[in-house]
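Dear colleague,

Please find below the structure that I am handing over to you.

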Amino acid sequence: MERVTRKGPLAGVRVLELAGLAPGPFAGMMLADHGAEVLRVERVKAVAAAGDRPRADVMDRGKRTVGLDLKSPEGVAALKELVRSADVIIEVFRPGVAERLGIGPADLHAVNPRLIYGRMTGWGQDGPLAPTAGHDIDYIAISGILSMLGREGEKPTPPINILGDFAGGGLMLAYGVLLALLERERTGEGRVIDAAMVDGAATLFAMFYHGVQTGAWGPRGTNLLDTGAPMYDTYETADGRFLAVGALEPQFWAEMVSLMGLTDLPDRGDSAQWPALRERLAEAFRSRTRAEWEAVFDGTDACVSPVLEMDEAADHPHNKARGAFVEVGGVRQPAPSPRLLGAPEQDLSPATRLADLSSWGLSDETAARLRAAGVLA
């Protein structure tokens with residue numbers, strides 16, 4: 001019997017992750033990173049084509065993979081056998097698809113009442129947009145968040161697909177799974193989680209809603225934290241690199257301008273003076289290279305940092321000291337987060353096919369029959 005041994009606070013928690021776009025795998029990664037045994041259920045053709053080759057995708061680290069045809073009655077029956085010993089399932093289909101396949105919450109709770117059924121969609125399980133297609137940019141647009149992102153006088157700018165897909169979607173789903181696991185300790189029963197990216201993205205901006213309604217937070221690109229203020233922005237250096245400036249508090253600002261040798265600056269407390277102040281800062285920062293400025297600000301409280309390229313971040317002294325990045329299967333990637341001090345390190349090996357499913361309730365004989373029928377890989 002091939003049984004995956006996991007370590008950490010979620011050791012012993014078994015998760016079935018139905019293959020789909022990024023937010024589902026990200027939620028599975030967050031759980032696997034802290035000890036859950038995650039079995040990713042993919043299409044038969046995809047798994048058969050990959051064979052036993054490890055998967056390089058960072059979000060598949062620490063998992064195992066199986067191919068299963070969920071459009072066949074035999075495949076559905078096999079999934080239900082896997083569900084009997086599972087704690088969590090992550091489902092990423094449009095509303096109604098799982099029910100039509102016979103693997104919706106009611107179908108699987110009939111097999112395992114303790115199962116936590118995590119549903120990951122963009123629009124949620126109900127509402128007029130629920131059956132329609134969408135992407136991260138659509139979800140953050142409808143949440144109101146996209147309207148707040150970008151520079152003054154310019155069009156809204158999406159921050160790639162971080163806010164909707166990953167923070168508002170996958171991370172919220174993983175959080176929901178933990179809530180449901182905790183609740184199950186009291187009730188003994190599983191719960192359905194309706195994780196919608198549009199909801200999660202809105203929640204992430206809780207800090208700003210009161211300010212928007214009172215007028216304390218203005219149009220995009222005009223505020224303290226959205227590049228409106230010159231003391232919270234990025235500046236180009238002499239070598240075409242960039243620095244990030246976050247000198248908000250007076251004491252940090254004073255240290256920064258002192259180290260830069262700047263005097264007679266426009267009043268930063270007067271927003272009407274911000275354009276002139278920004279130009280003074282921009283001119284000064286363009287006078288030296290990024291490395292030269294790093295030397296000036298190193299070890300200070302000026303709140304000025306180099307804007308590192310992706311291939312530079314892992315080699316930064318602070319990140320190296322903390323082990324913030326690891327290399328797995330030849331791929332450099334962020335280490336599991338958050339850190340639970342004293343918890344054992346996880347096996348982050350790239351996902352490989354799980355051939356022996358007996359520990360999940362499928363005997364070798366059943367597996368062989370399903371493979372011969374093209375239902376399992």
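**The antiparallel strands**

Tyr 235 has Leu 243 in β8 as its bridge partner. The model is a predicted one, in which local features need pLDDT of at least 70 and side-chain atom pairs count only at pLDDT 80 or more, while totals for chains, interfaces and linings use all residues. Residues are numbered from 1 along each chain as its sequence is written, and side-chain values use heavy atoms, with hydrogens and water left out.

Strand β7 and strand β8 (residues 242–246) pair in the antiparallel sense over five bridges. Helices (H or I, at least four residues) and strands (E, at least two) are DSSP runs numbered from the N terminus, and two strands pair if DSSP finds at least two bridges between them. Together with β9, these strands form an open three-stranded sheet in the order β7-β8-β9, with antiparallel pairing. Its edge strands are β7 (232–236) and β9 (304–306), each of which pairs on one side only. From one strand to the next, the twist averages 25°.

Helix α11 (residues 274–285) lies across β7 and β8 and runs at about 40° to β7. Axes are lines fitted to C-alpha atoms, for helices over the stretch in contact, and angles run from 0 to 180 degrees between N-to-C directions. Contact means heavy atoms within 4.5 Å.

A further antiparallel pair consists of strand β10 (residues 325–328) and strand β11 (residues 331–334), joined over four bridges. Here Val 326 stands opposite Gln 333 in β11. The hairpin of β10 and β11 has two residues between the strands, and Gly 329 takes a positive phi near 60° in it.

Seven strands form an open sheet with parallel pairing, in the order β6-β5-β4-β1-β2-β3-β12. At the edges stand β6 (192–196) and β12, each with a single partner strand, so one side of each is left without a neighbour in the sheet. Within this order, strand β4 (residues 88–91) pairs with β5 in the parallel sense over four bridges, and Ile 90 stands opposite Gly 118 in β5.

Helix α8 lies across β5 and β6, running at about 70° to β6. The axes of helix α7 (residues 162–187) and helix α8 (residues 197–204) come within 8 Å and cross at roughly 95°. The two helices α7 and α8 are therefore roughly perpendicular to each other; angles under 35 degrees count as roughly parallel, over 145 as roughly antiparallel, 65 to 115 as roughly perpendicular and the rest as oblique. On the α7 side, Leu 163, Gly 164, Asp 165, Ala 167, Gly 168, Gly 169 and Met 172 meet Met 197, Gly 200, Ala 201, Thr 203 and Leu 204 in α8. By class, the residues of this contact are six nonpolar, five polar and one charged. Ala, Val, Leu, Ile, Met, Phe, Trp, Tyr, Cys and Pro count as nonpolar, Asp, Glu, Lys and Arg as charged, and the others, Gly among them, as polar.

**Pockets and cavity**

The largest pocket has a volume of about 890 Å³. On a 1 Å grid over the protein atoms alone, a pocket is an open set of points with protein on both sides within 12 Å along at least five of seven lines, a cavity is a set where a 1.4 Å probe fits but cannot get out, and lining residues have an atom within 4 Å of a point. Grid points are joined across faces, edges and corners, and a volume is the space filled by probe spheres set on the points.

Of the 35 residues lining the largest pocket, Ala 19, Gly 20, Arg 43, Val 92 and Phe 93 are the closest to its centre. Elements that each supply at least two lining residues to the largest pocket include α1 (23–32), β2 (37–42) and β5 (116–121). The lining of the largest pocket divides into 20 nonpolar, seven polar and eight charged residues.

The second largest pocket, of about 730 Å³, is lined by 33 residues, with Arg 61, Ala 335, Pro 336, Ser 337 and Pro 338 nearest its centre. The largest share of that lining, four residues, comes from α7.

The structure holds one cavity of 30 Å³ or more. About 50 Å³ of space lies in the largest cavity, whose lining includes Val 47, Arg 53, Thr 65 and Arg 353.

With kind regards
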